[in-house]
Amino acid sequence: MIKIIKTNSDHKDFKRLVKDLDAYLAVTDGDEHAFYDQFNGIESLDHVVLAYDIENAIGCGAFKKFDETSVEIKRMYTIPEFRGKGIASKIINALELWASELNYEFCILETGKRQVEAVKFYKKKNYENIANYGQYIGMDNSLCFKKRLN
């Protein structure tokens, strides 16, 4: 059974999973990794979700305030051996619920075109393509998405 917990970016399991995520992204982002990496700091994320299979952390996600009505989803990751088992859905559902409980209306996010599985996942979760925002404007590899929360 998968257990979901709420925490923050100080949690040791989150830090470990983010290290794995960054190693994966260094490969898929290639030459652009340094650009993206500068926007992925985890020093002060107050809204982090971890997924556990018994006592092992197997996935994570987080959000941060983007503006008065929106949060930005960050650091979504599931370890490879647990992909395709609904873990990412449990994580994003928990993040969306948490954001909704805090009275946010929208989730936004950026992912790379080369993260084909991530693009498919967000579309399946009813995220709609939007124009690239903020630091992602003009970045050909970036795809940005938005979803209205209930």
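This is a predicted model: local features need pLDDT of at least 70, side-chain atom pairs count only at pLDDT 80 or more; totals for chains, interfaces and linings use all residues.

User: Which residues point one way from β5 and which the other way, and are they buried or exposed?

Analyst: Happy to. Residues are numbered from 1 along each chain as its sequence is written, and side-chain values use heavy atoms, with hydrogens and water left out.

Now to your strand. Phe106, Ile108, Glu110 and Gly112 point one way from β5, Cys107, Leu109 and Thr111 point the other way, and all are buried. Here buried means under 20% relative accessible area, exposed over 50%, and partly exposed in between, with a 1.4 Å probe and protein chains only. Helices (H or I, at least four residues) and strands (E, at least two) are DSSP runs, numbered from the N terminus. In a regular strand the side chains alternate between the two faces of the sheet. Because seven of the seven residues of β5 are buried, the strand is largely enclosed by the rest of the structure.

Next, the partners in the sheet. Two strands pair if DSSP finds at least two bridges between them. β4 and β5 run parallel and are joined by three bridges, with Glu72 opposite Ile108. To get from β4 to β5 the chain passes through α3, and this β-α-β crossover is right-handed; that is, with the strands pointing away from the viewer, the path from the first strand over the helix to the second runs clockwise. Strand β7 (residues 142-148) runs antiparallel to β5, with seven bridges between them, and here Thr111 stands opposite Leu143.

Ser70 lies in β4 and counts as buried at 2% relative accessibility. Leaving aside its neighbours within four places in sequence, Ser70 is in contact (heavy atoms within 4.5 Å) with Lys65, Tyr104 and Phe106.

Asn103 sits between α3 (87-101) and β5 (106-112), and has a positive phi of about 70 degrees although it is not a glycine. With 64% relative accessibility, Asn103 counts as exposed.

Val119, Phe121 and Tyr122 of α4 are buried. Seen down the helix axis, the buried residues of α4 fall within an arc of 165 degrees, so they line one face of the helix; the arc is that of the directions from the helix axis to the C-beta atoms. β5 is among the elements that cover these buried residues, along with β4, α3 and β7. Glu117, Lys120 and Lys124, on the other side of α4, are exposed. After α4 comes Asn126, with a positive phi near 70 degrees, and at 56% relative accessibility Asn126 counts as exposed.

Finally, the core. A nonpolar core is a set of buried Ala, Val, Leu, Ile, Met, Phe, Trp, Tyr and Cys residues joined through side-chain atoms within 4.5 Å. The largest one has 38 residues, of which Phe14, Ile73, Met76 and Tyr127 touch the most other members. Two or more residues each come from α1 (12-29), β2 (47-53), β3 (56-65), β4 (70-78), α3, β5 and α4. α3 gives the most, with seven residues.
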